[in-house]
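Here are a few exercises to work through with the model open beside you. Try each task yourself before you read its solution.

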Amino acid sequence: MKATLGQALEAYTAALVRDRAALAPPDGPTDGELGFAALVREQLASTVGALARSESKVVAGLLGKASVQDVVEAVSAAELSLQKFTAVRDRVIAAYQEIMRMPV
């Protein structure tokens, strides 16, 4: 059975919608959650959202419903968001490792 480009994009979009709920962290801080943890959770949700918007724009671009400029802007925004979150993650890991090296 041969799949058309439209069918492949529809299947990809359906999988994206289905998995988006699993990737997104719960909304708002939970009971007892510290301010830093809430900040990290918020940034993670923002990054996941930017990646999802970027993927949606790419699919729309492939279907001819979005301009090339819109696709490039969405991908650039997602890349910047991912780089920012990765930099914060690296700093947190470095700080944790530094704390673990402290003598007791």
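This is a predicted model: local features need pLDDT of at least 70, side-chain atom pairs count only at pLDDT 80 or more; totals for chains, interfaces and linings use all residues.

**Exercise 1: a charged pair in a helix**

Is Glu-98 buried, partly exposed or exposed?

Step 1. Glu-98 has a relative accessible area of 44%.

Step 2. The partner is Arg-101: the two side chains form a salt bridge, 3.0 Å from N to O.

Step 3. Arg-101 has a relative accessibility of 57%. Exposed means over 50%, so Arg-101 is exposed.

Step 4. Now look at where they sit. Both belong to helix α3, which covers residues 68-101, and they are 3 residues apart, about one turn of the helix. An α-helix has 3.6 residues a turn, so residues three or four places apart point the same way.

**Exercise 2: the other salt bridge**

How many salt bridges does the count come to?

*Solution.* Step 1. The count comes to 2 salt bridges.

Step 1. Check the exposure of each. Asp-90 is partly exposed at 39%, and Arg-89 is partly exposed at 43%.

**Exercise 3: the overall layout**

Which pattern do the secondary structure elements follow along the sequence?

*Solution.* Step 1. Count the elements: there are 3 helices and 0 strands.

Step 1. Read them in order and you get α-α-α.

Step 2. Of the 104 residues, 16% count as buried.

Step 3. Take the contacts with a separation of 6 or more: 58% of them join residues 24 or more positions apart.

Step 4. For the surface, the accessible area comes to about 8,100 Å², and carbon and sulfur atoms make up 64% of that.

**Exercise 4: helix α2 and one of its serines**

*Solution.* Step 1. At 1.5 Å a residue, the 28 residues of α2 should span 40 Å. The end C-alpha atoms are 41 Å apart, so the two agree.

Step 1. Ser-54 lies in this helix, which runs over residues 35-62. With a relative accessible area of 8%, Ser-54 is under the 20% cut-off and therefore buried.

Step 2. Other buried residues of α2 include Thr-47, Val-48 and Gly-49.

Step 3. Leaving out residues up to four places away in sequence, Ser-54 touches Ala-74, Val-75 and Ala-78.

Step 4. Glu-79 is 25 residues from Ser-54 in sequence, and their C-alpha atoms are 9.1 Å apart in space.

Step 5. Just after α2, look for Gly-64, which takes a positive phi of about 85 degrees.

**Exercise 5: a nonpolar patch**

Which residues form a nonpolar patch on the surface? Say which elements supply them, and pick out one member to check.

*Solution.* Step 1. The patch is made of Phe-36, Leu-39, Val-88 and Val-92, with about 340 Å² of accessible area together.

Step 1. The elements giving two or more residues to this patch are α2 and α3.

Step 2. Take Leu-39, which is in helix α2. Leu-39 is partly exposed, at a relative accessible area of 44%.

Terms used: Residues are numbered from 1 along each chain as its sequence is written. Side-chain values use heavy atoms; hydrogens and water are left out. A salt bridge is a side-chain nitrogen of Lys or Arg within 4 Å of a carboxyl oxygen of Asp or Glu. Buried means under 20% relative accessible area, exposed over 50%, partly exposed in between (1.4 Å probe, protein chains only). Helices (H or I, at least four residues) and strands (E, at least two) are DSSP runs, numbered from the N terminus. Contact means heavy atoms within 4.5 Å. Accessible areas come from the Shrake-Rupley method with a 1.4 Å probe; for residues, only the protein chains shown count as cover. The expected span of a helix is 1.5 Å times one less than its number of residues. Patches are made of residues with over 30% relative accessible area and no salt bridge: like charges are joined within 9 Å, nonpolar side chains (Val, Leu, Ile, Met, Phe, Trp, Tyr) within 5 Å.
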